[in-house]
Amino acid sequence: MSDSQAVRFPRALPAVGTLALAGSLPRILTMLVMAAVLVLSAWLFRAYDGATPLPAVNLPWIESLGVNLHLAVDGLNVYLLLLTALLFPVVLACAWRSAEARSGLYLSLLLLLEAGLLGTFLSQNLMLFFVFWEAVLIPMFILILVFGGGEARRAATAFFLYTLAGSVLLLAAVILLGVESWRQTGSWSFEFALLSRLHLGWGTELFVFAAVVLACAIKCPLFPFHSWLPLAYGEAPASGTALMAGALSKMGAFGLMKLALPLCPNVSVVLAPYLVLWAVGSILYGAVAALRQDDFRKLVAYSSLSHMGYIVLGLFSLQEAALHGALLQMLSHGVAVAGLFLVLGLLEERLGGSSRELTALATHGPRLAVVLMLFILTSVALPLTSGFTSEFLILFGAFQKALAAWRAGSGALALVAVLLATSGMVLGAGYLLRFARAILFGPARSGSRVRDLKPREALAFVPLLLLIVWIGVFPAPFMAKAQSAVTQLTQVSPLFVKGGPGGISVPQPESNPPKSPFVKGGLSSGNGGADGR
Amino acid sequence: MTRLALIPLLPLAGFLVNGLVGSRLPRWVVALVACGLPAASFALTAGLFRELAAGGTPVTETLFTWAALADFRVDAALCFDQVAAVMCLVVTGVGSLIHLYSVGYMAHDKSFARYFAYLTLFLFFMLLLVLGKNLLMTFAGWEGVGIASYLLIGFWFEDGEKNAAAMKAFIVNRVGDTGFILAAFLIWFFAGTLDFRGINAFFAVAQPSAAVMNTIALLLLLGACGKSAQIPLHVWLPDAMAGPTPVSALIHAATMVTAGVYLLSRLNGVFLHAPAAMTVVVWGGALTAFLGATMGLVQFNLKKVLAYSTMSQIGFMFMACGLGAFQVAFFHLFTHAFFKACLFLGAGAVIHALHGEEDMRRMGGLAKGMPFTFLTFLFASLALCGVPPFAGFFSKDEILWSAWSAAGGSPALWLVGSVTSGMTAFYMFRAIFLTFFGPCNAPEKAREGIHEPPPSMAVVLGILAFCSLAAGFIGLPGFWRKALGFPAPFYDFLAPVLGHPPEAGGAVHQAELPLMAIAVLAAALGIFLAWFCYSRRPHWAGKLRERAGVAHGVVSRGYFFDAVYRRVVVRPADWLSEAVLARRVETALDAGTLAKPVDGVNAAARLFSRLQTGSVQGYLFYVLLGLALILCWGVTHV
Amino acid sequence: MDRYQFLVALAGLIFAMGLLGVAIRRNLLVVMMCLEIMLNAVVLSFVTFAVRSQTLSGVAMTFFIYVAASCEIALAMAIVALLVKRNGSLDLSAHQDLKG
Amino acid sequence: MAADLFHALLPEQLLLGLILLLMLLEICGADRRFAGLLFTLAAGAGCGVLLLQLGQGYTADVVPGEIRVDRFALLARLVILGCGVILGLCSPAASDTVKSRLLLASSLLGGLVIMVSAGFIPLFMGIEMLSLPAFALMVHGRGLSPAGEGAFKYLLMSSVASALILFGLSLAYGSTGSLAIGAFAAALPAGGPPLLVAGLLLLSGFFLKAALFPFHGWAPDAYGSARLPVTAFLASVVKGAVVLGLVRILSAASLDAETVAAVTVLSVASIFYGNVTAIRQVAFRRLLAYSSIAHAGYMMFALTDGSGGRTEALLYYVAVYAVTTIVACTCFRLLAGEGDELALLEGAFAARPVPALLLGLSALSLAGIPPLPGFLAKFFIFRAVIASGHLAPAVLAFAGSYVGVVYYLGIVLRLFRPSALPSKAKTASSPCRSWGGVLLGTAVLLLFMLVPGVFNGLA
């Protein structure tokens, strides 16, 4: 079976699975479907040689407008393909015993969610990306709504409307890019390859960049746009939260990497330091907010907010090691935070949600405690775990770039930001160990209802832990996979500075941006704005 | 899988075996695995050491490529050169002994296997730190050791206090690690490599600028202070005594706390070209030594006395490093590992006998009940105080000598050193008199329990005591080398990496003898004062304390370091997190992004729906209005 | 201002009066009548333009306008009968039950 | 000539035949179900014919200057008739008397006439034939209920609209000398003040019939008072026919800057007004009315496009919007029976999953959430709008549609998660035939989703 059919399967299988599930077939079939997707994705992961993107489906959907169902595995989404395919079977395995796992709606929503996520990550067509970007909201919304906790209605609406608000501007930007392609090449096309070669004026690029960053900042989330996070993570069912934190938040980072950097190179380069500062602000805000949080789900939610900040920091350092770090961090954080939420879910399921009894786990459930501790250590970025590999590379790359920029005299903003981010690791250790202390240690209580992890349940966590240790100890093969995409992204920035003495000096950012896109004639008069370097 | 790679992997195997299936194995199997594997790796180290000592070249082995990017290439590689050999010997040697000792000490603890799993995990990370060929491997070991000490300090996790101490240890270490990682980034930026040999070679040739060199050196110093509990990051060491005593012996005496000295010696290329940083190292070390000693004076908890003594001795080592005499610091590290481990294990035996009692005021007169433990404790104390012919004398004297004669040194520095070593003698023998002599004020039923520790523990104490005695002779100071004509094999062995000790001219050598005499006198004075205050006139201690008054209060509260950190760091963070973020910012954000827009839209909805009055003619009026507006618009624009 | 413009202006005036009548008058039947006035004004303008441009399509349109107008009035009267039976009054402001 | 007349207007002939038959049935009082069957057969045959003609690329100038059958006419009539078929299947047997079928058929006939008209006379006749049966349908069988008041308001406003259109036409006739649509469309860009006033009057008339913002007064009352199938008919076929009629007049002509600005302002106002007011509604039909005002705003936005592609976009939009509304109304009736409050939907998913799921999906499609066809419809229109340079208004429209998502979400919220209060959902009796309609409608929507280029494809 050639590669192309192979990629279509992970995309089509969940959709097919959904239909089968509408009937009364139990969760075993869902697990089979998800396992098949995992096997295929692992095979694709291995088959992807790091350079030529694996072509897959390329059916025309709206021929006249150049919108076609174009899915392919490339450097950017190879990790996320593996992450998504891995998370879903694990989440289902953990939710195996729960009440919701028996309802057909729950299972079909999971499959729809997987189909949407895989579609978003694999799509090579901008319009298709946008369609999947919003389509994922529906199953997630219903999942929170139907299987969520007491405040589910408010949480689901907040989640849906907040995330959707981001994509109001994004849709306008997507269509604008299509218009630019029509104006510059005569025919409508939304293919990423073609759009990234377009020559956008400064005004258009600024508008597209602002739209993409806003939409992704809500999705990630980043600091000021995270009000929906504690609500949604607190109310959703454990499996839903694990998927939201593990895979959905990665869509935000993926959107930045796939849309912001290649499509608006000039603006990205000029605004990179400010975004680095914003990311670090988000890191510190998340860490400090998590310090005194006594609701465990909210604590892990804020920790996820902080770790997403690291990814954005890595992306906008536009430096090779930092980009590798950001990609690895997506995988590592996805696995670690999903693991944390799944363990919390298992505990809530055993204790019927009363978090008062959720202490001294080490005495009552030693195996569960060990698994939870391993996930905590990954989030603390302990060496030999994937957390360290990614955060080391991110901070390393960001530091090299920031120091080079400072020495070349273009402001110490980024350098200060990186120093703050490195101190963020201490804060990270602070709140995560406080979390460990609150939940794991402390005096044993008589008659606690915690049943320890059964071997079958432990089996679900084994792939996550294996992946964490593998990336932690031996990340080289992973990085080889993403090498092509990273070099392509670093080409984006002419400011790429090589480490070592006498790095290339940073040229000044080009002339100040001309008139704003909203002046009526601003955009319609051909490709307005300076034509860049 | 060559022998070098096996050295760290054997303890890792021990950890995996005991960690995963330990609770189901019988205790003797767990003990066998736990003691056997470190011993095997000690044997391997000894083998490699012998080859290296016989003029062999340093063995390096690249396990795999960790990261291979266009311009950032680093391998997971191990290197067994002279410095690593010495450290490896200490770590695996003392480590195996302490594993053996722990078998007896933890015999009746319910999570026996988990303890040994953590201990071997610690050994694995320490070996990774020591054998690491580049900064990345060392950093992996560095933080690994931090988490192992966190697990071991908080071993009895039922007690919230112990876990708090463990957390404090890890977080303070993390502050140091941040300094280390930033230094590594800076080094890469300028030297383009993370390899120790490459770094030293690069900085020997090209120093970017004094400011850069000093920044890198100071950041490394921050990392070293975090790990070696030097001021200002020393606050975690006394609390770390919450862990089992063999843990304190291994981690907080012999191995982990010396990682800072190892790092400084490893990167001597950087430090030798950062004079300003060197003075900071010297006076930082001296200050820590002095303050550590003063704090040791006022302690009543036996283990805390030893903890402060460790801090003080490492201050001496830092002083030596600061003076450029890295090999002297190393020799003191070598000897200190033995006698400090012996002291801790001795204290462990005492605490074991008194069923967990650590307060010296409720001990006394144990010499009769535990003669052998007392003897080993005495040997180690004498070594610590620098009384010849014990090991401590040779290594500490060499440090005092370089404090006097080395370029960075000065008589004032030497004076601080001597006074501190005098105080060391005083508090050590104060501990001895309080614990082993005088009336036994342990509670009644505990008294019969006083017995010699089981043979497995006694053997270890014996070996360590012997080493404290014998270890000194392999690194004779300059004067004795001249006088007795013996070479100093320790220094010659380390020469290729750390260079020779500063060979003072013949005349200056004459000055070494009186200094040595003064040092011994200071030690003797300290011992006499301790004997006088604590066994002849026990009530004098009380009187002395009142008269000291304020000074005693300051010292006993650890110079308010803890209080300052809590007020300056911990409380503001909590306040920021709880009062500002949780209450104000989050609620404002929630209101701003979730509540207000919804209210706004509802208000607009109420307003708009009032337009629907129900009367057709009202609707018609809107139509006319609309029509009029359009027509005016059309007319004005045509 | 030749007579065509005058006639068209007249038609416009009548149209406006009809429109105002619909908008102001209270009585249902009077409103219906005003509707018819508006349609007659339109017929007037059609005829005027037909004559001016000497083409017959305007005139044809007139017939269709009247066809449509009569159907409309028939239906309107039926509905008005319903309304009056329901509220018992011809006053337009009485029929305001649907609102909000 | 005769064959041409017969073949070209075959669907209209079929409907006329149906109307006559229904009258005969009414006279001899035959059984209702037979009428329903006949209706569906005739409308279905009409669609078949249209599809055949589209296949052949059939165009005919039946009455030169007055009736012209071209590709747009075929497609538009297919949309109208298609909605008619689905409506016919969906309306329950209980309330569809022969007379209601008759009125429905005649209104459909009016819609078809509009589409084939090339001159203003048939256009005007079509519009009247479309509206009058609709008023009758609203009061049919409702006795002295408020439906009469709603119908009267709709009638009054509709007559005023017709008068406005006619007056506009007369002025246009005055300056172009002929009543052909082509002549008017050609003269429009160059025309002086009279043509401008004619254009504005014409537009206002159509806006009033399509219930755009300032002219929307009648819609909430009319939709709110009629029975649900009739509301569905008003919202889908009548509105669709009006919009397509406007497209028929303007075809590809791009309006001048002033009119574009005016239309943009009205459309944006209409989107915001419709969506914001709908949030407070608790009755389904009134909610539908405000939603249709908002959708009128989206549709009229297409008029501002100057880059071509407007007709396909509007055809697609009208088709998707109409079918989705019909499916939504039918599913609502399946869930809540004759009731009208949204509260009846509480926890409906647990009781009857399939209609609840379809109602939820059509609500989300109306909200414009991808991958549902509603989103594609909006995408086509705003692709054309942004291509002609109006980025800021497009963003405003997206913001308006974002506000609209709130009340569609309210429906989905109630369906899937009952709020605390116990819901007294009673299951309405659902004759099998309305299932057919819902399934056909969903199939059509699925087709639109999978093959969005359906209108450009059928060459």
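**Contacts, strand pairing and helix packing in a predicted model**

Author: In this predicted model, Leu313(A) touches Val276(A), Ala279(A), Val280(A), Ile283(A), Ile394(A), Leu395(A), Ala398(A) and Ala421(A), leaving aside residues up to four places away in sequence. Leu313(A) is also, with Phe461(A) and Tyr150(B), among the residues with the most contacts inside the largest nonpolar core, which has 695 residues.

Reader: Why are helix 3 of chain B and helix 4 of chain B called roughly antiparallel?

Author: Helix 3 (residues 82-105) and helix 4 (residues 112-131) of chain B pack at an angle of about 175°, with their axes 10 Å apart. Angles over 145 degrees count as roughly antiparallel, and therefore helix 3 of chain B is roughly antiparallel to helix 4 of chain B. Residues making the contact include Met87(B) and Val91(B) of helix 3 of chain B, and Phe116(B) and Leu123(B) of helix 4 of chain B. By class, this contact has 14 nonpolar, five polar and no charged residues.

Reader: What makes strand 1 of chain A and strand 2 of chain A a pair?

Author: Pairing requires at least two bridges; strand 1 (residues 54-62) and strand 2 of chain A have six bridges, in the antiparallel sense. In strand 2 of chain A, Leu69(A) is the bridge partner of Leu59(A). Four residues lie between the strands of this hairpin, in which Gly66(A) takes a positive phi near 70°.

Reader: Why is strand 2 of chain A called mostly covered?

Author: Buried means under 20% relative accessible area, and six of the seven residues of strand 2 (residues 67-73) of chain A are buried.

Terms used: Residues are numbered from 1 along each chain as its sequence is written. Chains are lettered from A and ligands numbered from 1 in the order in which they are written. This is a predicted model: local features need pLDDT of at least 70, side-chain atom pairs count only at pLDDT 80 or more; totals for chains, interfaces and linings use all residues. Side-chain values use heavy atoms; hydrogens and water are left out. A nonpolar core is a set of buried Ala, Val, Leu, Ile, Met, Phe, Trp, Tyr and Cys residues joined through side-chain atoms within 4.5 Å. Buried means under 20% relative accessible area, exposed over 50%, partly exposed in between (1.4 Å probe, protein chains only). Contact means heavy atoms within 4.5 Å. Helices (H or I, at least four residues) and strands (E, at least two) are DSSP runs, numbered from the N terminus. Axes are lines fitted to C-alpha atoms, for helices over the stretch in contact, and angles run from 0 to 180 degrees between N-to-C directions. Angles under 35 degrees count as roughly parallel, over 145 as roughly antiparallel, 65 to 115 as roughly perpendicular and the rest as oblique. Ala, Val, Leu, Ile, Met, Phe, Trp, Tyr, Cys and Pro count as nonpolar, Asp, Glu, Lys and Arg as charged, and the others, Gly among them, as polar.
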